[in-house]
Amino acid sequence: MKKFYVFLTCLFLFSKLLTGQEITVTGTVTDFSDGTTLPGVAVVVKGTTVGAITDEEGNYSISVSPDATLVFSFMGMTTEEVAVEGRNVIDVEMMPDIATLQEVVVVGYGTRLRTELTGSISSVSSEDISGHTMPSFETAIHGRAAGVHISAGSGRLGQQVRTRIRGASSISASNQPLIVIDGVPVQSQNLGSTVNEPTNPLADLNTADIESIEVLKDASAAAIYGSRAANGVILITTKRGQEGRTQFNVSTQYGFSAPSNELGFLNREQYLDLWETAFYNRYDYDPENPDAWMTPLDDVFPYWRDIDNPDDITKGPDTNWEDQALRNGGLRQFDISASGGSDGTTFYAAVSLLDQEAIVVGNSFDRISGRLNLDQKANDYLTFGLNMSLNRTRNFRVAHDRAFASPLQMVALPPLDPTHEPETGELNRRTLYENGLVVQEHSFFNTEIFRNFGNIYAQIDILPGLSFRSEGGVDILNQQEVNYYGRLTDTGGHDGLGYERYVKSRIYNLENYFTYDVVLANEFDINLVVGASLQKADMEFASMQASGFPSDDFTRIASASEITFASAYGTGYRYNSIFARSNMKFFDRYLFTLSARRDGSSRFGRESRYGYFPAASFGWIVTNEDFLYDSRIISFLKPRVSWGMTGNSEIDNYAARGLYGSSNYAGLAGYLSTSMPSPDLQWETTTQTNIGIDFGFLNNRITGEIDYYIKSTEGLLLEVQIPATTGYRNVYKNVGKMENKGWEFLLNTVNVDREFGWNTSFNIALNNNIVTDLDDQIIQYSVWRVVEGQPIGVFYTKEYAGVDSETGDALFYLNEEGDETTTDIAQAANRIVGDPNPDFWGGLTNTFSYRNIDLSFMLQFVYGNDIFNHGFLWQASGLAVFDNQTVFYYENHWKEPGDDAYYPEPRLAMANGYGTSSMHIFDGSYIRLKDVTLGYTLPNRISQRLRMETIRVFVRGFNLYTLTNYPGWDPEVSSPNTADLSTQSSNIQQNWDFFTAPQPRSVTFGLNVRF
């Protein structure tokens, strides 16, 4: 018996040895539809992380046990499982996965297949914006979405970003699009104080949590949002979990940045040379006093001479103030997420840390964010879930562009001003203007925001195809600003100045709607959505200013001896809406969409609070017709047309009402009328017609879209000036019309799709804006004008006619016809001299892959927009004032008879062409290497040994090169970073460069790990 047990044991061990022995399986994977081989197919042993990838010929080789099962997966193909059963050769044919080939697009209150869309929608995926290093997501979509023009404004962090979809539609109301995150319209307007640059509430959202971004551009797509959709709608969908094992993603980035451009200002030698030249071009030379040109310098600059050898003017301070204002920045970011789920429960959870230093001295930004998205299928008919994001951001801000305390205004200081006093070594407080280094050392401008985006939902499946969904969303923002100006700053005076401000913003949103999907007679697909929406928004503001601090160690208001200013007020608005939409598909080729929304807003008069916004569209999938169904050339063809109306209600919350405020008269409290009522004020309405075509050729290797639109706005919500005898300055009325017409083109190509892959995406948009009716009014802000027959905000000022090549005099056109010139700028006629609106803009992206290496780059361009460089009024004036001058001026001013120069001869004290004119208006066209990414994914065998699914390292560069003729820091400007501009003035005063910091040129190194 003992021998028998020994025999059985040996037999068992031998059998285990045989079954545990691995074999090598090889084979080829092909496409069932055409027999072509498929490179890049993942071949994995089921239940393990052991796998391989097919090569460029579709071949693979893998070591497995004889009883294993292989899983073959590839994008756009159905997953295949094949039992090995001891075979050494296994060839597999993969079937196209029709469901995954159909891109799903998020639309208002639902989703649609892109092939079935009848409206104009641009999409940006999470892959397109992954690794984006700027705090806000908007700049990541610049150049990627046709028709969307975005201007980051400057290199400051956490600042407001200007977004225009198919041009500007309003003069006095907002032109920013509606932002909807997971179904909740959120706060996206600046809530910062006017003493600092405007803030961007969208910087609170972590870009790494975004799954997709959809831009609703035409009325058919956007009308479901009715009164707030005239400027387009941006839908942001955050990531969600999928059923399966929990998957962790870890990403870390470290980077550095520098100014993308250095403008260049005069050094000591150049400044003194130019000063002496300008002095004697203005005043006669006195041989008895040959050093007369130095006398003003002695009066203004106490430290311009060398302290040890004051008679040697070649020695002394030579400060590069541009280097003091701009610096190298840095980035540190860490993201970790977990997603997965079991039957009935899926989740996505993430935490992110971001710490970033701007290229502008004194400016930095950090953010901590957490997100939890949870979906629970309770039973066969009830599903519920939540999306919740908690964020804390801190923006260490600097003074706005128009303040002398702004770091960038340090460039106005001549090189003769040292940063520190030579005798004491203390920061120099006797500079021409306030020394920005003193401001940075002895003041702070800190903003802290706590933000909660979130919503909860429940969906009941009532009958097959019929469901009811209820969503309750919130956007809660608490913002605290603490500013302090020390006693050594000009603003702080002798005993310091403190300012604190608190903002509470609450937006509550409730959506209830039914969805019904039905197929009739196997030929008619109908999707119906009917629902109601309520939104309540309340904001509270409290601020206080105080002086008299015992020392700069005490910086909070409680330590001050005198309260110099205090204010507290609240505001809010309400929306009450119902909406409906029907998507219909007949015979799998004819597409119809009808939608309507009825909005009520508290912002309008009692008789005009409700507006109606219908839309209709039609599409025809021609390739589903018999005569094109089997075409080998045309893979997809869908012409479409849409018409609809959308509204704009983004004005002051109480613009239609006559308001009263309190007043203090001789110590007695009383009432004061503060605004005139406008009871007939109603919606600003935009009617848009869109004609487009979607196409695909050669098995969709070439795809694209072409759109032409006409977008007409009537009943402009205009801030109309009224006679001062009324006791008021202006009142809102529905006055005027505006029109935008344009083309959009999108072209995607699969150039190579073998082991070496190459894809290209190109988009371009052309837009023509014109104010068609303004009731004969003219609106003027400095050099910007709004007038009938012209685009919004054209430049209207004296037109510079160049330089008299013999005398060096500045010439200006005397009359509007431009046939006479004058040297007296005061006598010159004002004319339309430029247009800040671009003629066209777009982007070109190329993506390459070879085995485990990936490379992509994006070019982004803007053409035809003019920029008013307000700073050049002083920095390119030929020393009309003491300000330092640009190298551009120094190299391009008139020097002797016969010179063909851009700038006139320098003459001291505003003597030759000084003043506002088109001399300082330049072409702002540019093309920019916006984004370059090089990545390497470690081979599977290495990842698996480390028990990881994938490991990828990458390096990414932003704003690496800009090709432009613009002589300023950066052509990507909008308006000065100052929060004290009204909505109307910021709409009109476009492309205003006033000491605006350049975009950062950054390089980031990163690591992505999935396990």
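Asn699 lies in the loop between strands β32 (684-697) and β33 (702-714); helices (H or I, at least four residues) and strands (E, at least two) are DSSP runs numbered from the N terminus. The model is predicted, so that local features need pLDDT of at least 70 and side-chain atom pairs count only at pLDDT 80 or more, while totals for chains, interfaces and linings use all residues. Residues are numbered from 1 along each chain as its sequence is written, and side-chain values use heavy atoms, with hydrogens and water left out.

Although Asn699 is not a glycine, it has a positive phi of about 55 degrees. Its relative accessibility is 63%, and Asn699 therefore counts as exposed (buried means under 20% relative accessible area, exposed over 50%, partly exposed in between, with a 1.4 Å probe and protein chains only). A positive phi, of about 60 degrees, is also found at Arg947, again not a glycine. Arg947 is placed in the loop between α12 (940-945) and β50 (950-964). With a relative accessibility of 76%, Arg947 counts as exposed.

Strand β16 (residues 233-238) is largely enclosed by the rest of the structure, because five of its six residues are buried. Pairing of two strands requires that DSSP finds at least two bridges between them. Strand β13 (residues 178-181) pairs with β16 in the parallel sense over four bridges, and Val180 stands opposite Leu235 of β16. Strand β15 (residues 210-216) pairs with β16 in the antiparallel sense over six bridges. Here Ile213 has Ile236 of β16 as its bridge partner. In a regular strand the side chains alternate between the two faces of the sheet.

Across the whole structure, 43 salt bridges are found, a salt bridge being a side-chain nitrogen of Lys or Arg within 4 Å of a carboxyl oxygen of Asp or Glu. One of them joins the side chains of Arg392 and Asp366 (3.3 Å, N to O). Arg392 belongs to strand β21 (residues 382-396) and Asp366 to strand β20 (residues 364-377), so this pair ties together parts that are 26 residues apart in sequence. Asp366 has a relative accessibility of 9% and therefore counts as buried.

A salt bridge also links the side chains of Lys741 and Glu739 (3.7 Å, N to O). Lys741 is partly exposed, with a relative accessible area of 33%. In the salt bridge of Glu972 with Arg928, the closest N and O atoms are 2.8 Å apart. Glu972 lies in the loop between β50 and α13 (983-988) and Arg928 in strand β49 (residues 926-937), so the pair ties together parts that are 44 residues apart in sequence. Glu972 and Arg928 are both buried.

A patch of negative charge on the surface is formed by Glu269, Asp273, Glu276, Asp291, Asp311 and Asp318. Patches are made of residues with over 30% relative accessible area and no salt bridge, like charges being joined within 9 Å and nonpolar side chains (Val, Leu, Ile, Met, Phe, Trp, Tyr) within 5 Å. Asp318 is found in the loop between α7 (295-300) and α8 (321-325). At 46% relative accessibility, Asp318 counts as partly exposed.

Notes
Accessible areas come from the Shrake-Rupley method with a 1.4 Å probe; for residues, only the protein chains shown count as cover. Lys and Arg count as positive and Asp and Glu as negative; His and the chain ends are not counted. The place of a charge is taken as NZ of Lys, CZ of Arg, CG of Asp or CD of Glu.
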